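Trainee: Could we go through this model together? I would like to know what stands behind each label we use.

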Amino acid sequence: MPAPTVPQPETDRGRAGPAVLFVPAQTRSPAPASADTLDRRLIAKAEAALAGLTPAFLAMARSELDRLQQALEGAWSEPARAAKAWPVLADAALDLKGIGGTFGYPLVSRFAQSLCHYLQGEAIDPPVVQAHLEALRAVIENRVKGDGGPLAHRIGRALDTLVAGARAG
């Protein structure tokens, strides 16, 4: 029995320029039966993976808050160290801002964004930074997911007022 022949793809070799390969239709992968079902399964799988990583996120967030607190205390106690402390604070705040919402903690992102914005200013007032750290720690320690409701909105507005007052003053 002769070996089966494999259909060869057609080309446009007779033309000038690069060759174009025409792939026979039977070699193409069929689309999934239901893209919507596939999307839901992928989303559920991703959500389960993120839920499994939430304890690691909370541990990382606590570690970042401790690092922020140490940098702030160093800057507060020795003003000469402040120039080195502010970039550490900004980096840690940026990390928290970027990852909070991914794990269902948009308040972490919101409060860290406020801190990032504040740290971009010329003069830094340690009590304003401390207020941000306390708000962030309250969200993490109490595992406040979602928008946090009316109390969280008031805290966010209070932080915004502190930042605006410090900038104006």
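Mentor: Gladly, and keep in mind that the model is predicted. Let's start with helix 2, where Ala82, Ala85, Trp86, Leu89, Ala92, Ala93, Leu96 and Gly100 are buried. Seen down the axis, these buried residues fall within an arc of 140 degrees, so they line one face of helix 2.

Trainee: And what is exposed on the other side of helix 2?

Mentor: Ala83, Lys84 and Gly98 are exposed there.

Trainee: How do you know that the span of helix 2 agrees with its 19 residues?

Mentor: At 1.5 Å a residue, residues 82–100 should span 27 Å. The end C-alpha atoms are 26 Å apart, so the two values agree.

Trainee: Now the side chains. What makes Glu64 and Arg67 a salt bridge?

Mentor: The cut-off is 4 Å between a side-chain nitrogen of Lys or Arg and a carboxyl oxygen of Asp or Glu. For Glu64 and Arg67 the N to O distance is 3.0 Å, so the pair qualifies. They are 3 residues apart in helix 1 (residues 35–77), which means a separation of about one helical turn.

Trainee: What makes Asp66 and Arg137 a salt bridge?

Mentor: The closest N and O atoms of Asp66 and Arg137 are 3.2 Å apart, so this pair is within 4 Å as well. The pair links distant parts of the chain, with Asp66 in helix 1 and Arg137 in helix 4, 71 residues apart. Asp66 at 40% and Arg137 at 26% both count as partly exposed.

Trainee: Which parts does the salt bridge of Arg110 with Asp160 tie together?

Mentor: The closest N and O atoms of Arg110 and Asp160 are 2.8 Å apart. Arg110 lies in helix 3 (residues 106–119) and Asp160 in helix 5, so the bridge ties together parts 50 residues apart in sequence. In total, the count comes to 4 salt bridges.

Terms used:
Residues are numbered from 1 along each chain as its sequence is written. This is a predicted model: local features need pLDDT of at least 70, side-chain atom pairs count only at pLDDT 80 or more; totals for chains, interfaces and linings use all residues. Side-chain values use heavy atoms; hydrogens and water are left out. Helices (H or I, at least four residues) and strands (E, at least two) are DSSP runs, numbered from the N terminus. The expected span of a helix is 1.5 Å times one less than its number of residues. Buried means under 20% relative accessible area, exposed over 50%, partly exposed in between (1.4 Å probe, protein chains only). The arc is that of the directions from the helix axis to the C-beta atoms.
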